[in-house]
Amino acid sequence: MYRLALFDLDNTLVDRQSALSDAVTSLCRTHALTPDAEQWLRTELVNRANAVDFARLREVFDLEVSAVQLWQEYVSLMADAVTCRPEVLDGLARLRAAAWTIGVITNGASDIQRAKLAVTGLADLVDGVAVSGDLELRKPDLRLFELAASRCGGSLADGGWMVGDNPAGDIGGAHGAGLRTIWLRGRSWPDGLPAAHHVVDDVTDAITILLAETE
Ligand SMILES: [Mg+2]
């Protein structure tokens, strides 16, 4: 039987917030940025980062270094700083051993999200990846879910599960795609959004739920 599990990346499989904090600290030190510039970066990048953010940083704070160089350094620092806990990698390996097909569906720039997947070892454990930057489509857009399913070699018509921390993007989007859902609680739940099928505190708990589905 074909079983598809899609996972969000940032703050689901990996801890983006701590990686972001380390990367910004390091970038600001390298370029001797002012505390104002550092605070600006922390605010602007809190949910996502794109090359254009660094063009704006350069303009607002009148920096000499090019925006391209700043972006490339940021991508590389984030890739160095981001980690996936061994128990999460192990859980994904167990899902695959139980014949699950695993996909990652993530909002973000293609280069940085793929760098994170490569350095954490997640790339070796997933069957397909859909990054919003590939298509300029973002979760909860149904088409990004369709892309993720097809990159995993299947289709949304086969059903499946979505695990993520973003209520509207991950859980709302997955409901629209006909998937069952597991929400990693943390953010506030918006009024009017249908509840997730399961709510957990840690992604390993979500994997345990999925593994129980196979029995
Ligand atoms: Mg997330």
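**Domains, metal site and a buried serine**

Tutor: The protein is divided into domain 1 (3-15 + 84-214) and domain 2 (16-81), with bounds from an automatic or database domain assignment. This is a predicted model, in which local features need pLDDT of at least 70 and side-chain atom pairs count only at pLDDT 80 or more, while totals for chains, interfaces and linings use all residues. Residues are numbered from 1 along each chain as its sequence is written, and side-chain values use heavy atoms, leaving out hydrogens and water.

Student: What area is buried between domain 1 and domain 2?

Tutor: Buried area is the accessible area (1.4 Å probe) that two parts lose on being put together, summed over both. Here it is about 960 Å², with 53% from carbon and sulfur atoms. In domain 1, Asp-15, Ile-112 and Arg-138 lose the most area to domain 2, together 44% of what that side buries.

Student: Which residues are the protein donors of the magnesium ion?

Tutor: Donors are N, O and S atoms within 2.8 Å of the metal (3.2 Å for Na, K and Ca); water is not among the atoms, so sites may look incomplete. Asp-8 (OD), Asp-10 (O) and Asp-165 (OD) lie 2.1 to 2.2 Å from the magnesium ion, spaced D-x1-D-x154-D in sequence.

Student: Is Ser-132 buried or exposed?

Tutor: Buried means under 20% relative accessible area, exposed over 50%, and partly exposed in between (1.4 Å probe, protein chains only). Ser-132 is buried because its relative accessible area is 3%. Both Asp-8 and Asp-10 are buried as well.
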